[in-house]
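Thanks for coming, everyone. Let me put the structure up, and then I'll walk through its contacts.

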Amino acid sequence: MTTASQLTEEIAVKLIDSSLDRMKISISGASKESYEAIHRGLNYEKVESNILRFLSIRKQTGKTNPKLIMQFLPQDENKSEEEHFFNKWEPLIDYQIGDR
């Protein structure tokens, strides 16, 4: 499990080239405000960009692994954003575990 905050292009390529089957990304927010309130010191736009870059690289290589799992962790700061989170990420990810 990762927050994807350190998911650089180099790391994304290594993960895609590895024998990893699945990668779970845990995100506690569907907006910059809630995400950064919960994950102090992390940048929402950077994390989002890292995830989208990972998906783009995987698609460009024609590979299907690692499958991407996104997990939304409801908390007081973000519980009103749960539907927005799923509307945004479900079309892009492979599947989620334990979120609905």
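Let's define a salt bridge: a side-chain nitrogen of Lys or Arg within 4 Å of a carboxyl oxygen of Asp or Glu. A word on the source: this is a predicted model, where local features need pLDDT of at least 70, side-chain atom pairs count only at pLDDT 80 or more, and totals for chains, interfaces and linings use all residues. Residues are numbered from 1 along each chain as its sequence is written, and side-chain values use heavy atoms, with hydrogens and water left out.

How many salt bridges does the structure hold? There are 7. Let me take some of them in turn.

One of them joins the side chains of Lys63 and Asp17, at 2.9 Å from N to O. Lys63 sits in the loop between α3 (44-61) and β2 (67-72), and Asp17 is in helix α1 (residues 9-17), so this pair ties together parts that are 46 residues apart in sequence. When I say helix or strand, I mean DSSP runs, numbered from the N terminus: helices are H or I with at least four residues, strands are E with at least two. Now exposure. Buried means under 20% relative accessible area, exposed means over 50%, and partly exposed is in between, with a 1.4 Å probe and protein chains only. Lys63 is at 36% relative accessibility, so Lys63 counts as partly exposed.

Next, Glu45 and Lys32. Their side chains meet in a salt bridge of 3.2 Å, N to O. This pair also links distant parts of the chain: Glu45 is in helix α3, Lys32 is in helix α2 (residues 32-38), and they are 13 residues apart. Glu45 is partly exposed at 38%. Lys32, at 30%, is partly exposed too. There is a network here as well: salt bridges link Lys32, Glu36 and Glu45.

Then Asp76 and Lys79. The closest N and O atoms of this salt bridge are 3.6 Å apart. Are these two residues buried or exposed? Asp76 is exposed, at 67%. Lys79 is exposed, at 55%.

On to helix α3. It has 18 residues and reaches 26 Å from its first C-alpha to its last. That is close to the expected 26 Å, where the expected span is 1.5 Å times one less than the number of residues. At the start of α3, a side-chain oxygen of Asn43 reaches to within 3.0 Å of the backbone nitrogen of Glu45. After α3 comes Gly62, with a positive phi near 75°.

Which residues of α3 are buried? Among them are Tyr44, Val47, Ile51, Phe54, Leu55 and Arg58. What covers the buried residues of α3 includes α1, β1, α2, β2 and α4 (82-89).

Let me stay with Arg58, which is in helix α3. Arg58 is buried, at 8%. Contact here means heavy atoms within 4.5 Å. Setting aside neighbours within four places in sequence, the contacts of Arg58 include Ile16, Lys63, Pro66, Leu68 and Asp94. The side chains of Arg58 and Asp94 are joined by a polar contact of 2.8 Å. A polar contact is a pair of N or O atoms within 3.5 Å; within protein, one must be able to donate a hydrogen and the other to accept it, and residues adjacent in sequence count only if both atoms are side-chain atoms. Arg58 and Asp17 are 41 residues apart in sequence, yet 9.2 Å apart in space, C-alpha to C-alpha.

Now the strands. Two strands pair if DSSP finds at least two bridges between them. Strand β1 (residues 22-27) and β2 pair in the parallel sense over 6 bridges. In β2, Met70 is the bridge partner of Ile25. β2 is mostly covered, with 5 of its 6 residues buried.

Last, the aromatics. Rings of Phe, Tyr and Trp (its six-membered ring) pair if their centres lie within 6.5 Å; planes under 30 degrees apart are stacked, over 60 edge-to-face, and the rest tilted. A search of the whole structure finds 4 aromatic pairs. Phe72 and Phe85 form a tilted one: 4.9 Å centre to centre, 45° between the planes. Phe72 is in strand β2 and Phe85 in helix α4, 13 residues apart. Phe72 is buried, at 3%. Phe85 is buried, at 1%. Phe85 and Phe86 pair edge-to-face, at 5.2 Å and 90°. Phe86 is buried as well, at 2%. Phe72, Phe85 and Phe86 form one aromatic cluster.
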